[in-house]
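Look at how the aromatic rings pair up in this predicted model.

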Amino acid sequence: MKTIEKTLIMKKSFNIKSLILIGMLGVSAILSSCVKQDFAEPEATVPSFSVPAGDTLISIQELKALHTIAGHLDSIKNNYYIKGVVTGNDQFGNIYKTLYIQDSTGGIVISLNKTSLYNEYKQGQVIYVKCKNLVLGDYGGTPQIGAVYNGGTGQLPEIAIPNHLFKDGMPGAVPSPVHIRTSTELADGSNMSKLVILDSCSFTEVGKTFVADDVTTDRALKLKDGTPVTVRTSNYAAFKNSILPDGYGTVIGLLGIYNGSYQLVIRNINDVYGFYVDPRIILKGSFAVSGSLGQF
């Protein structure tokens with residue numbers, strides 16, 4: 001009798017173990033099939049925009065022509081749009097709550113109350129700007145578009161940005177910078193807020209850092225013909241502690257003006273390159289003061 005009971009118990013135990021094993025194999029097969037299954041990656045959505053019927057696309061130069069009185073605000077009432085390529089954003093910290101865009105006719109600054117703009121508006125991105133109900137003004141002489149703030153051109157509130165800025169396509173190439181070598185080229189109004197390149201220019205404060213005392217700093221730069229340009233660098237710029245190079249080289253930046261002085265905003269340290277010291281210069285100085293020749 002005991003032998004029969006023992007046999008039954010062993011069979012029952014075997015059946016239970018078999019069921020458990022079969023169940024585990026089934027679960028394993030299901031999980032394995034899930035893991036091996038290939039899922040199609042979602043397709044990237046390419047933004048697209050066209051000016052609505054009845055509205056008007058104007059050039060950046062035509063928009064800036066609406067601003068005729070310095071320091072005055074011009075409210076845009078017409079259904080105007082401008083189209084441009086992003087040439088400057090806040091990726092490297094030297095531009096704050098601002099986008100620079102340009103077309104073939106000129107460039108303009110867009111003031112926006114939002115940070116990390118580079119995540120959405122990358123350099124080379126084509127955007128359309130709905131200008132109606134925005135204001136056109138200037139800051140120190142540099143035209144800007146935005147919203148009214150304390151009687152001047154302020155930042156467009158973040159909540160309103162999607163109603164005025166529209167991307168078209170994926171980011172592409174940034175426009176080639178305009179060459180600036182002389183005071184005449186510097187004074188050409190069509191280059192304002194555009195990406196420019198200064199050839200054979202030189203810093204006058206060699207060896208110093210771009211930023212001093214952790215505050216926004218102006219550094220002097222001279223064009224090939226000696227015309228002065230101010231390089232303005234924020235204390236939040238990623239390259240603020242980089243050293244001003246000696247000699248002559250190339251600097252790329254966004255051109256502006258402030259109270260009559262031309263300014264250059266460098267996007268990142270890679271915009272400063274190719275500097276070399278002219279081996280023909282043995283001693284450089286003005287020697288304007290009597291006796292300044294020293295031992296010579």
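A residue counts as buried under 20% relative accessible area and as exposed over 50%; partly exposed lies in between. Y276 has a relative accessibility of 47%, so Y276 is partly exposed. Y248 is also partly exposed, with a relative accessible area of 26%.

Y248 and Y276 form a tilted aromatic pair, 6.4 Å centre to centre, with 45° between the planes. The pair links distant parts of the chain. Y248 sits in strand β15 (residues 248–258) and Y276 in strand β17 (residues 272–276), 28 residues apart.

The model has 8 aromatic pairs in total. Another of them is stacked: F49 and F166 lie 4.6 Å centre to centre, with 10° between the planes. F49 is in the loop between α1 (2–36) and β1 (56–57), while F166 is in strand β10 (residues 165–168), so this pair ties together parts 117 residues apart in sequence. F49 is buried, at 17% relative accessible area. F49 and F166 also belong to one aromatic cluster with Y81 and Y128.

The largest cavity has a volume of about 30 Å³. Its lining includes I110, S111, L112, V129 and H164. Two elements, β5 (107–111) and β8 (142–149), each give two or more residues to the lining of this cavity. By class, the lining has 7 nonpolar and 3 polar residues, and no charged ones.

Methods
Residues are numbered from 1 along each chain as its sequence is written. This is a predicted model: local features need pLDDT of at least 70, side-chain atom pairs count only at pLDDT 80 or more; totals for chains, interfaces and linings use all residues. Side-chain values use heavy atoms; hydrogens and water are left out. Rings of Phe, Tyr and Trp (its six-membered ring) pair if their centres lie within 6.5 Å; planes under 30 degrees apart count as stacked, over 60 as edge-to-face and the rest as tilted. Helices (H or I, at least four residues) and strands (E, at least two) are DSSP runs, numbered from the N terminus. Buried means under 20% relative accessible area, exposed over 50%, partly exposed in between (1.4 Å probe, protein chains only). On a 1 Å grid over the protein atoms alone, a cavity is a set of points where a 1.4 Å probe fits but cannot get out, and a pocket is an open set with protein on both sides within 12 Å along at least five of seven lines; lining residues have an atom within 4 Å of a point. Grid points are joined across faces, edges and corners, and a volume is the space filled by probe spheres set on the points. Ala, Val, Leu, Ile, Met, Phe, Trp, Tyr, Cys and Pro count as nonpolar, Asp, Glu, Lys and Arg as charged, and the others, Gly among them, as polar.
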